[in-house]
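This report is written for someone meeting the structure for the first time. Please look over the sequence and the model before reading on.

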Amino acid sequence: MTGAVRVLTLLAERGQTLAVAESLTGGLVAAELTSVPGASKSFRGSVTAYAATLKRDVLGVDGALLAARGAVDPQVAAQMAAGVRDVMGADWGVATTGVAGPEPQDGQAVGTVYVAVAGPAGTGKVAALRLNGDRGEIRRESVRSVLDLLRDELHGNARAQDTEQNGGN
C-alpha cells in the first residue's frame with residue numbers, strides 16, 4: 001500500500017479532507033494523491049507556489065520571514081501547510097519546500113528540505129530532511145516523506161481522540 005493510499009484511507013475513514021502546498025515537488029504530491037481511485041473523497045486540491053510572492057499572497061506566509069530567511073525554512077513550511085489548509089477549507093494541510101538542485105538556493109545546500117503538516121485546531125509538525133541524490137530522487141523522497149509525516153500525525157491524532165473519548169484513560 002502506497003503512502004497516498006494509506007493517508008487517503010485514514011482521511012476517508014474519518015470524513016476529513018486534505019489540501020497540499022508544494023514548492024520543490026512542483027505538483028508531485030498532488031499527482032501521487034490523485035493517482036489513487038476515489039481520492040476526491042478527501043483530497044480538496046493543491047497550490048504549487050514556486051515564487052515567494054505566491055507563498056506570501058496566496059498561502060499567507062509572512063513576507064518578513066520570507067525576506068529574512070528565504071523560502072527554504074521550517075517556519076515557511078509550517079505556514080505554507082496552515083495557509084493551504086485555510087485557503088482550501090480542509091481539515092489537514094501539508095507542504096513541501098526545499099532545494100532539489102542542481103544548485104544551492106538561499107544559502108541552503110542541495111537536499112535541504114522541510115515538509116510540514118497542519119492539522120485541525122492548529123496542530124502541526126515540521127520535519128527537516130537532508131536528502132541525497134539527483135533532483136528527481138530528492139523530489140520523490142520529499143513526496144514520500146511528507147505523506148509519511150501526515151500518516152504519523154493522523155495516527156497520533158486518532159490516539160488522542162480515543163483517549164479523550166475514553167475519559168483520558
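## Basis of the report

The model is predicted, so local features are reported only where pLDDT is at least 70 and side-chain atom pairs only at pLDDT 80 or more, while totals for chains, interfaces and linings use all residues. Residues are numbered from 1 along each chain as its sequence is written, and side-chain values use heavy atoms, with hydrogens and water left out.

Helices (H or I, at least four residues) and strands (E, at least two) are DSSP runs, numbered from the N terminus. Two strands are taken as paired if DSSP finds at least two bridges between them.

## The sheet

Five strands make up an open sheet, with the order β2-β1-β3-β4-β5 and mixed pairing. At its edges are β2 (43-48) and β5 (124-130), each of which pairs on one side only. From one strand to the next, the twist averages 10°; axes here are lines fitted to C-alpha atoms, for helices over the stretch in contact, and angles run from 0 to 180 degrees between N-to-C directions.

Strands of a sheet pair through backbone hydrogen bonds, either parallel or antiparallel. Strand β4 (residues 112-118) runs antiparallel to β5, and seven bridges join the two. β3 and β4 also run antiparallel, joined by six bridges.

## Strand β4

Residue Y114 of β4 is the bridge partner of T97, and Y114 also stands opposite A128 in β5. Further along, A116 has V126 in β5 as its bridge partner. The hairpin of β4 and β5 has five residues between the strands, and A121 there takes a positive phi near 60°.

Seven of the seven residues of β4 are buried, where buried means under 20% relative accessible area, exposed means over 50%, and partly exposed lies in between (1.4 Å probe, protein chains only). In a regular strand the side chains alternate between the two faces of the sheet. In β4 both faces are covered: T112, Y114, A116 and A118 are buried on one side, and V113, V115 and V117 on the other.

## Helix α5

Helix α5 (residues 74-88) lies across β1 (18-22), β2, β3 (92-98), β4 and β5, and runs at about 145° to β3. Its 15 residues reach 21 Å from the first C-alpha to the last, close to the 21 Å expected at 1.5 Å a residue; the expected span is 1.5 Å times one less than the number of residues.

The buried residues of α5 are V76, A77, M80, A81, G83, V84, R85 and M88. They pack against β1, β2, α3 (52-57), α4 (63-69), β3 and β4, with contact meaning heavy atoms within 4.5 Å. At the N-terminal end, D73 caps α5, with a side-chain oxygen 2.9 Å from the backbone nitrogen of Q75. Just after α5, G89 takes a positive phi of about 65°.

## Salt bridges

A salt bridge is counted when a side-chain nitrogen of Lys or Arg is within 4 Å of a carboxyl oxygen of Asp or Glu. The count comes to seven salt bridges. Side chains of opposite charge can pair when their charged atoms come close. One of the salt bridges joins D57 and R56 at 2.6 Å, N to O; D57 is exposed at 54% relative accessibility, and R56 is partly exposed at 38%. Another joins D86 and R85 at 3.3 Å, N to O. Here D86 is exposed at 53% relative accessibility, whereas R85 is buried at 13%.

D148 and R151 also meet in a salt bridge, at 3.3 Å, N to O. These two residues are three apart in helix α6 (residues 135-165), so they are separated by about one helical turn. Both D148 and R151 are buried. A network of salt bridges links E141, R144, D148, R151 and D152.

## Residue T25

Where is T25 placed? T25 is in the loop between β1 and α2 (28-34), and at 0% relative accessibility it counts as buried.

The side chain of T25 makes a polar contact with the side chain of T96 at 2.7 Å. A polar contact is a pair of N or O atoms within 3.5 Å; within protein, one must be able to donate a hydrogen and the other to accept it, and residues adjacent in sequence count only if both atoms are side-chain atoms. Leaving out residues up to four places away in sequence, T25 touches T96, R139, S142 and V143.
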